[in-house]
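Please consult the sequence and the model shown below while reading.

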Amino acid sequence: MARPRVIEQSDILDAAELVVVRDGAAHLTLDAVATEAGISKASVVYDYKSKQQLINAVIRRRVENEEQRVQAATVELGPVPSPAINGLVAAAAERPRDHARAVAVNLVSALAQDAESRGIIEAVYARMIASVTETADNPRGAILALLALEGLKRLEMHNLHPWSDAERADILRDIGWLINAEHLSSQAPRPPSGD
């Protein structure tokens with residue numbers, strides 16, 4: 001009779017994140033994760049056949065957690081115009097946590113080096129952009145708000161510029177203004193022509 005598994009996938013992913021934060025993504029190995037989790041390498045290999053599969057699983061879990069956080073913020077708003085972008089702005093009111101920021105910063109190199117990892121994030125942005133434009137009263141304003149919001153989040157995620165709480169609140173309020181700004185065209189931006 002087979003022994004029941006003692007370790008959950010979430011425990012392995014937690015250990016992988018700890019290794020990434022402590023040592024960087026370049027030093028993430030199946031051995032290091034097994035040691036961090038206090039299990040055998042075979043237990044890690046059972047679920048993740050390679051370092052890249054493990055990295056992609058960490059990325060997917062981070063994406064799922066963020067999408068759930070945004071969904072909760074959107075639901076908490078109740079019925080509002082342009083719910084997708086307003087939900088993203090509401091979720092951004094909470095600063096990124098240090099652990100999440102450290103994981104994201106250390107995994108950026110994985111995105112640059114692996115098409116599958118990059119594809120995970122490209123799919124997230126494709127869904128986000130589609131949702132924002134499809135649910136917006138003013139799609140162009142909503143896209144501009146999304147771009148401004150992503151700029152704020154990237155600066156914070158990479159710890160490139162600190163904003164005070166008051167500055168941050170003002171920025172988020174101004175981003176909210178973009179969503180329904182009447183002077184902006186109500187059409188979504190056109191893709192570049194490539195000329």
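## Terms and overall fold

In this report a helix is a DSSP run of H or I at least four residues long, and helices are numbered from the N terminus. The model is a predicted one.

The protein chain holds nine helices and zero strands. Its pattern along the sequence is accordingly α-α-α-α-α-α-α-α-α. Along the principal axes, the C-alpha atoms occupy a box of roughly 65 × 40 × 35 Å. The chain has 195 residues, and 35% of them count as buried. Of the contacts between residues at least 6 apart in sequence, 68% link residues at least 24 apart.

## Packing of helix 1 against helix 4

Two packed helices are described by the angle between their axes and the distance between the axes. Helix 1 (residues 9-23) and helix 4 have axes that come within 10 Å and cross at roughly 100°. Angles of 65 to 115 degrees count as roughly perpendicular, and helix 1 is therefore roughly perpendicular to helix 4. On the side of helix 1, the contact involves Ser10, Ile12, Leu13, Asp14, Ala16 and Glu17. Helix 4 contributes Leu54, Ala57, Val58, Arg61 and Arg62. Sorted by class, this contact has six nonpolar, one polar and four charged residues.

With residues up to four places away in sequence left out, arginine 61 touches Ser10, Leu13, Asp14 and Glu17. Serine 10 lies 51 residues from arginine 61 in sequence, yet their C-alpha atoms are 8.9 Å apart.

## Packing of helix 4 against helix 5

Helix 4 (residues 51-77) also packs with helix 5 (residues 83-92), at an angle of about 110° and with the axes 8 Å apart. Helix 4 is thus roughly perpendicular to helix 5. From helix 4, the residues in contact are Arg69, Val70, Ala73, Thr74 and Leu77. They meet Pro83, Asn86, Gly87, Leu88, Ala90 and Ala91 of helix 5. The contact comprises seven nonpolar, three polar and one charged residue.

Serine 82 belongs to the loop between these two helices, helix 4 and helix 5. Most residues other than glycine have a negative phi. Serine 82, although not a glycine, has a positive phi of about 50°. Its relative accessible area is 1%, and serine 82 is therefore buried.

Alanine 110 is located in helix 6 and is buried, at a relative accessible area of 7%. Apart from residues up to four places away in sequence, alanine 110 touches Ile55 and Ser117. Glutamine 52 is 58 residues from alanine 110 along the chain, and the two C-alpha atoms are separated by 8.3 Å.

Arginine 101 is likewise found in helix 6. This arginine counts as buried, at 17% relative accessibility. Beyond its neighbours within four places in sequence, arginine 101 is in contact with Pro96, Glu156, Met157, His158 and Asn159. One of these partners, asparagine 159, is placed in the loop between helix 8 and helix 9 (165-180). Asparagine 159 counts as exposed, at 58% relative accessibility. Its phi is near 55°, a positive value in a residue other than glycine.

## The largest pocket

Rolling a probe the size of a water molecule over the atoms shows where empty space is left. How much space lies in the largest pocket? The volume is about 1,300 Å³.

The lining of the largest pocket consists of 39 residues, and those nearest its centre are Arg62, Val63, Glu66, Lys153 and Arg154. Two or more lining residues come from each of helix 4, helix 5, helix 6 (98-113), helix 7 (115-135) and helix 8 (139-157). Helix 4 supplies the largest share, ten residues. By class, the lining contains 19 nonpolar, six polar and 14 charged residues. Arg62, named above among the residues nearest the centre of the pocket, also takes part in the contact of helix 4 with helix 1.

Definitions and conventions
Residues numbered from 1 in each chain as written. Predicted model: local features only at pLDDT ≥ 70, side-chain atom pairs only at ≥ 80, totals over all residues. Heavy atoms only, no water. Axes fitted to C-alpha atoms, helices over the stretch in contact; angles between N-to-C directions. Parallel < 35°, antiparallel > 145°, perpendicular 65-115°, else oblique. Contact = heavy atoms within 4.5 Å. Nonpolar A, V, L, I, M, F, W, Y, C, P; charged D, E, K, R; others polar. 1 Å grid on protein atoms, 1.4 Å probe; cavity = no way out; pocket = protein on both sides within 12 Å on 5 of 7 lines; lining within 4 Å. Points joined across faces, edges and corners; volume = space filled by probe spheres on them. Buried < 20%, exposed > 50% of the residue type's maximum accessible area, 1.4 Å probe, protein only.
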